[in-house]
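Thanks for coming. I have one structure to go through today, and I will start with a term before the details.

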Amino acid sequence: MLATKKTPVKSRKSNSVPASQFKARCLKLMDEVRDRRCEIVITKRGKPVAKLVPVEDKHVPDIFGYMNGTVTILGDIVGPTGEVWDADR
């Protein structure tokens with residue numbers, strides 16, 4: 001049985017991959033980008049055409065209940081204040 005030589009997925013100098021290698025190893029490269037938090041540039045005929053980057057894990061807070069506990073109600077907020085308005089005169 002012949003031993004096949006595996007070609008490196010990306011060179012150590014640059015994080016670029018030819019489109020043919022990307023097509024063959026897409027899922028492995030996606031895992032690498034996620035785990036190492038690196039970027040990979042996909043090239044076609046030596047020219048960059050796309051970039052594979054990790055997704056930013058930004059937690060977006062839920063809008064409902066976001067301000068819960070930040071306001072304190074002191075007294076009656078619906079009843080009359082006793083202040084005379086110009087419209088009352």
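By salt bridge I mean a side-chain nitrogen of Lys or Arg within 4 Å of a carboxyl oxygen of Asp or Glu. By this rule the count comes to 4. Before I go on: this is a predicted model, in which local features need pLDDT of at least 70 and side-chain atom pairs count only at pLDDT 80 or more, while totals for chains, interfaces and linings use all residues. Residues are numbered from 1 along each chain as its sequence is written, and side-chain values use heavy atoms, with hydrogens and water left out.

The overall layout next. The chain has 2 helices and 3 strands, in the order β-α-α-β-β along the sequence. Helices (H or I, at least four residues) and strands (E, at least two) are DSSP runs, numbered from the N terminus. Of the 89 residues, 16% are buried. Buried means under 20% relative accessible area, exposed over 50%, and partly exposed in between, with a 1.4 Å probe and protein chains only.

Now helix H2, residues 26-36. Which of its residues are buried? They are Leu29, Glu32 and Val33. Seen down the axis of H2, these fall within an arc of 100°, so they line one face of the helix; the arc is that of the directions from the helix axis to the C-beta atoms. The face turned away from the buried side carries exposed Leu27, Lys28, Arg34 and Asp35. The buried residues of H2 pack against strand S1 (16-18), helix H1 (19-24), strand S2 (40-44) and strand S3 (47-52). Just after H2, arginine 37 has a positive phi of about 55°.

The largest nonpolar core has 8 residues: Val17, Phe22, Leu29, Val33, Cys38, Ile40, Ile42 and Leu52. H2 and S2 are the elements that give two or more residues to this core. Such a core is a set of buried Ala, Val, Leu, Ile, Met, Phe, Trp, Tyr and Cys residues joined through side-chain atoms within 4.5 Å.

Back to the salt bridges. Arginine 36 pairs with glutamate 32 at 3.6 Å, N to O. Both lie in H2, 4 residues apart, about one turn of the helix. Arginine 36 is exposed at 59% relative accessible area, whereas glutamate 32 counts as buried at 13%.

Lysine 51 forms a salt bridge with glutamate 39, the closest N and O atoms being 3.6 Å apart. This pair links distant parts of the chain, with lysine 51 in S3 and glutamate 39 in the loop between H2 and S2, 12 residues apart. Finally, salt bridges that share partners join Asp31, Arg34 and Asp35 into one network.

Definitions and conventions. Contact means heavy atoms within 4.5 Å.
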